[in-house]
Amino acid sequence: MAYIEAHGLRKTYGATVALDGIDLQIAEGRIVGLIGPNGAGKSTALNAIVGLTSYEGQLRVIGRDPWTEREHLVRDVSFISDVSVLPRWMRVSQALDFAAGTHPRFNRAKAQSFLEKTSIKPASRVRELSKGMATQLHLAIVMAIDARLVVLDEPTLGLDLIYRKQFYDALLDDYFEQNRTVILATHQVEEVQHVLTDVLYIHHGRIIFNRTMDEIEAQFHEVLVHPDRLAAARALTPIAERPGVGHGILLFEGRDRQRFASLGEVRTPSVADLFLAVVK
Amino acid sequence: MSNLIWAIRRELWENRSIYVAPLAVAGIILAGFAVALRGWPARIQAASVLGSSELREAVQQPYVVAALMLMGIEILVAIVYSLDALYGERRDRSILFWKSMPVSDLNTVLAKASIPILVLPLVTFAVTMGTQGLMLVMGTAVLAARGMSVGELWGQLSLFELSRINLVHLVTFHGILWAPLYAWLLLVSAWATRAPFLWAVLPLVAVGIAERIAFDSARFALLLRNYFLGSPGAAGAGGMTMDMLAPHSLVHLLASPDIWLGLTAAAAMLFGAVRLRHVRGVI
């Protein structure tokens with residue numbers, strides 16, 4: 001079953017087109033990375049999915065219309081919006097109390113075990129926490145909700161390397177245990193690509209690329225070409241080329257990986273490099 | 001239902017002025033009363049010579065003043081609260097967190113409306129009772145220390161009756177009758193992207209000025225005045241006045257058609273606030 005289904009999804013702010021007709025299907029049990037430059041429409045798309053913004057076109061999320069059924073939808077969907085902040089006056093314990101009181105799928109013990117790995121104290125107010133600690137608290141709440149769909153917009157902004165690693169490990173653990181569906185937008189592409197099953201590139205409000213990681217592995221090849229063989233390699237019409245140390249790095253699209261083996265070392269391109277190639 | 005209660009609890013966590021402000025005023029009242037008590041036995045003796053109504057007046061006056069001061073702070077807190085209730089959460093972007101929890105816009109707005117309409121009058125009533133109770137204890141102690149009859153004080157002061165009038169007044173006037181005012185402030189608070197106070201006041205002033213220029217009359221201003229403050233005649237909310245000691249009852253108030261018009265307008269404005277909370281995002 002498709003968890004997210006969009007047809008001709010559009011959103012304009014005055015003369016600015018944030019989403020320019022998006023067609024999209026995300027199946028249950030995927031971890032989808034939404035990747036794009038600033039202003040590409042990532043946050044608008046995610047906000048539409050979680051019912052924070054109105055839109056034109058069709059959108060169903062777990063069978064519901066997010067704009068009119070937000071309070072029902074959020075029982076199954078947990079999310080962090082890009083500019084979301086916890087209320088500054090709130091105590092950590094109050095945030096947990098409120099989530100436990102209102103959200104039927106919130107697991108307080110789980111949130112507390114996340115918080116135990118941090119230096120956050122239950123009696124602290126959010127305004128007393130550092131920016132990173134406030135994000136940790138927010139993530140602890142979101143991750144303790146046993147949601148079917150998790151929507152994360154730049155979830156690890158301002159977090160240190162260790163915590164980011166912990167967070168993505170926890171995300172993967174939950175994913176394998178509960179067959180969650182995750183959609184994740186981030187600029188720290190290199191860090192998340194090992195957890196993704198699918199990649200969506202979004203640019204100027206349109207989805208310009210939509211593949212599974214398996215497809216990318218099968219169809220895209222990055223070849224480290226020795227300068228002597230560059231001319232021969234370029235004849236095979238690479239989709240991108242960039243200089244490396246002592247060799248050129250050429251990106252090819254095609255089924256047959258062996259074809260490129262004679263040119264040099266062949267590997268799977270990173271999601272970020274592929275994005276740059278596709279956007280060009 | 002339980003989500004509504006959590007939404008109200010959130011308001012009490014967030015806006016501690018709901019109970020801190022009345023308690024602070026109660027503290028000031030008690031401090032002032034303690035100072036005034038020094039000259040009080042003499043005043044009572046003087047009043048008792050003049051007659052029983054003067055004596056009653058002298059005994060009751062501080063208790064009435066205490067109740068009025070607490071009502072004053074109640075109105076101030078209610079207005080400040082209502083103007084910020086649906087504006088502040090958009091300005092500090094915490095609305096995005098609130099909307100990630102399964103609490104509907106309707107429950108959120110109802111919780112916020114219940115603060116000025118129900119919670120603040122009841123909190124004020126409780127604080128007033130506590131304050132008057134302490135004043136009674138302090139007065140009794142002073143009289144007893146001077147060797148004066150405490151019976152005089154207790155006989156002239158019906159704290160129970162004062163409290164009953166106070167409760168009815170707070171619930172009917174500050175709660176039910178004034179509900180349209182708070183609904184209006186909440187509506188503006190949900191709509192404005194800046195300066196909610198100005199947006200709340202300026203349209204009313206504009207209507208008044210336009211009427212004055214077009215028809216050279218002041219019916220709109222008079223309508224608001226008669227509704228919210230009552231009028232000396234039979235017009236307004238059942239011809240009642242804001243004098244808290246005037247006899248009035250809930251039944252009397254509910255018999256007036258004005259109150260039903262006012263409550264209908266309040267419901268419509270709150271419904272508008274619910275729609276706006278749905279549509280309007282962060283500022």
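Helices (H or I, at least four residues) and strands (E, at least two) are DSSP runs, numbered from the N terminus. The legends below follow that naming. This is a predicted model, in which local features need pLDDT of at least 70 and side-chain atom pairs count only at pLDDT 80 or more, while totals for chains, interfaces and linings use all residues. Residues are numbered from 1 along each chain as its sequence is written, with chains lettered from A and ligands numbered from 1 in the order in which they are written.

**View 1. Chain B is built from 14 helices and zero strands.** Following the sequence, the pattern reads α-α-α-α-α-α-α-α-α-α-α-α-α-α. The C-alpha trace of chain B spans about 70 × 50 × 30 Å along its principal axes. Of the 283 residues in chain B, 37% are buried (20 or more other C-beta atoms within 10 Å of the residue's own, with C-beta atoms placed from the backbone; 12 or fewer is exposed, and in between is partly exposed). Among the contacts in chain B with a separation of 6 or more, 77% join residues 24 or more positions apart; a contact here has C-beta atoms, placed from the backbone, within 7 Å.

**View 2. Helices α10 (residues 179-191) and α11 (residues 196-215) of chain B pack at an angle of about 125°, their axes 9 Å apart.** That angle makes α10(B) oblique to α11(B). For reference, angles under 35 degrees count as roughly parallel, over 145 as roughly antiparallel, 65 to 115 as roughly perpendicular and the rest as oblique. Axes are lines fitted to C-alpha atoms, for helices over the stretch in contact, and angles run from 0 to 180 degrees between N-to-C directions. On the α10(B) side, look for Trp184(B), Leu185(B), Val188(B) and Ser189(B); Pro196(B), Trp199(B) and Ala200(B) meet them from α11(B). These contact residues divide into six nonpolar, one polar and no charged. Ala, Val, Leu, Ile, Met, Phe, Trp, Tyr, Cys and Pro count as nonpolar, Asp, Glu, Lys and Arg as charged, and the others, Gly among them, as polar.

**View 3. Where the chains meet, 23 residues of chain A are in contact with 19 residues of chain B.** On the chain A side, α2 (70-73), β5 (77-80) and α3 (92-102) each supply at least two residues. The largest share, five residues, comes from α3(A). By type, the chain A side divides into 11 nonpolar, eight polar and four charged residues.

**View 4. Chain A holds an open sheet of six strands in the order β5-β6-β7-β3-β8-β9, with mixed pairing.** At the edges stand β5 and β9 (206-212) of chain A, each with a single partner strand, so one side of each is left without a neighbour in the sheet. From one strand to the next, the twist averages 15°. Strands β3 (residues 31-35) and β7 (residues 181-185) of chain A pair in the parallel sense over four bridges; pairing requires at least two bridges found by DSSP. Val32(A) has Ile183(A) as its bridge partner in β7(A).

**View 5. Helix α1 (residues 42-49) of chain A is mostly covered, with eight of its eight residues buried.** Among them are Lys42(A), Ser43(A) and Asn47(A). Just after α1(A), Gly51(A) takes a positive phi of about 80°.

**View 6. Ala231(A) lies in helix α9 (residues 230-234) of chain A.** Ala231(A) is exposed, with 9 other C-beta atoms within 10 Å. His221(A) is 10 residues from Ala231(A) in sequence and 18 Å away in space, C-alpha to C-alpha.

Key. Contact = placed C-beta atoms within 7 Å.
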